[in-house]
Amino acid sequence: IQCITLFSSQGKMRLQKWYISMTDKLKKKITREVMTHVLSRKAKMSNFLEYKEFKIVYKKYASLYFCCLVEKADNELIILEIIHRYVELLDKYFGNVCELDIVFNFEKAHYILDEFILGGEVQDSSQRTILSAINQMDILQEVEQEEPPSFLEELGLS
């Protein structure tokens with residue numbers, strides 16, 4: 001996977017993660033063109049299309065498009081399964097995820113994506129393992145917010 005983007009039916013970017021190195025100008029151009037191509041397609045059309053040296057694989061869930069930019073040789077059905085697994089992870093974490101969950105908790109959506117995909121490859125496909133890691137991070141954040149770490153107290157910085 002070269003890039004994952006989530007955007008609304010109105011063309012508002014909700015989440016984006018690049019796994020290849022490109023200039024920001026080129027990333028913005030590609031993102032704009034991909035969104036234009038995907039949003040202009042009819043509902044009954046295929047969820048795969050070729051774009052330059054890449055392939056676009058996307059799936060619409062409610063008002064959000066989950067879109068992956070992949071190499072031409074990649075298997076489209078596996079990419080659709082990866083998209084679906086990410087949506088399932090978001091559903092399990094947020095409880096029937098919606099666009100507002102991603103807008104107001106984009107750092108959690110990014111963290112879930114990072115636990116699932118690393119460097120453009122699926123890191124772990126087990127929902128239980130991924131959700132466990134996310135829950136542990138939530139607990140750690142709650143503890144840090146309740147009391148400052150002891151080493152800061154010792155340094156007199158708290």
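Which loop is Ala-62 found in? Ala-62 sits in the loop between β4 and β5. This is a predicted model, in which local features need pLDDT of at least 70 and side-chain atom pairs count only at pLDDT 80 or more, while totals for chains, interfaces and linings use all residues. Residues are numbered from 1 along each chain as its sequence is written, and side-chain values use heavy atoms, with hydrogens and water left out. Helices (H or I, at least four residues) and strands (E, at least two) are DSSP runs, numbered from the N terminus.

**Helix α1**

- Helix α1 covers residues 24-39, 16 residues in total.
- From its first C-alpha to its last, α1 reaches 22 Å, close to the 22 Å expected at 1.5 Å a residue. The expected span is 1.5 Å times one less than the number of residues.
- The buried residues of α1 are Lys-27, Ile-30, Thr-31, Val-34, Met-35 and Val-38. Buried means under 20% relative accessible area, exposed over 50%, and partly exposed in between (1.4 Å probe, protein chains only).
- The arc is that of the directions from the helix axis to the C-beta atoms.
- The face turned away from the buried side carries the exposed residues Lys-25, Lys-28, Arg-32 and Thr-36.
- What covers the buried residues of α1 includes β1 (3-8), β2 (13-18), β3 (48-51), β4 (54-61) and β5 (64-71).

**Helix α5**

- The 20 residues of α5 should span 28 Å at 1.5 Å a residue, and its end C-alpha atoms are 29 Å apart, which agrees.
- Gln-127, Ile-130, Leu-131, Ala-133, Ile-134 and Asp-138 are buried in α5.
- Seen down the axis, the buried residues of α5 fall within an arc of 155°, so they line one face of the helix.
- Exposed residues Arg-128, Gln-136, Ile-139 and Glu-146 are on the face of α5 turned away from its buried side.
- The cover over the buried residues of α5 includes α2 and α4.

**Strand pairs and turns**

- β1 and β2 pair in the antiparallel sense over five bridges. Two strands pair if DSSP finds at least two bridges between them.
- Phe-7 stands opposite Met-13 in β2.
- β1 and β2 form a hairpin with four residues between them, and Gly-11 in the turn has a positive phi of about 85°.
- β3 and β4 run antiparallel and are joined by four bridges.
- Their hairpin has two residues between the strands, and Lys-52 in the turn has a positive phi of about 50°.
- β3 has a covered face, Leu-49 and Tyr-51, and an uncovered one, Phe-48 and Glu-50.

**Two buried lysines**

- Lys-55 lies in strand β4 and is the bridge partner of Glu-50.
- Lys-55 is buried, with a relative accessible area of 8%.
- The side chain of Lys-55 reaches the backbone oxygen of Lys-72 at 2.7 Å.
- The Lys-55 side chain also makes a polar contact with the side chain of Glu-76 (2.9 Å). A polar contact is a pair of N or O atoms within 3.5 Å; within protein, one must be able to donate a hydrogen and the other to accept it, and residues adjacent in sequence count only if both atoms are side-chain atoms.
- Lys-108 lies in helix α4 (residues 106-116) and is buried, at 13% relative accessible area.
- Leaving aside its neighbours within four places in sequence, Lys-108 is in contact with Tyr-93, Phe-94, Asp-138 and Gln-141. Contact means heavy atoms within 4.5 Å.

**Nonpolar cores**

- The largest nonpolar core has 29 residues. Such a core is a set of buried Ala, Val, Leu, Ile, Met, Phe, Trp, Tyr and Cys residues joined through side-chain atoms within 4.5 Å.
- The elements that give two or more residues to this core are β1, β5, α2 (76-94), α4 and α5 (127-146).
- α2 gives the most to this core, with nine residues.
- Apart from this core lies another, of 16 residues, among them Trp-18, Met-22, Ile-30 and Tyr-51.

- Most residues other than glycine have a negative phi.
- Ala-62 has a positive phi of about 55° and is exposed, with a relative accessible area of 75%.
- Asn-96 has a positive phi of about 60° and is in the loop between α2 and α3 (99-104).
- At 65% relative accessibility, Asn-96 counts as exposed.
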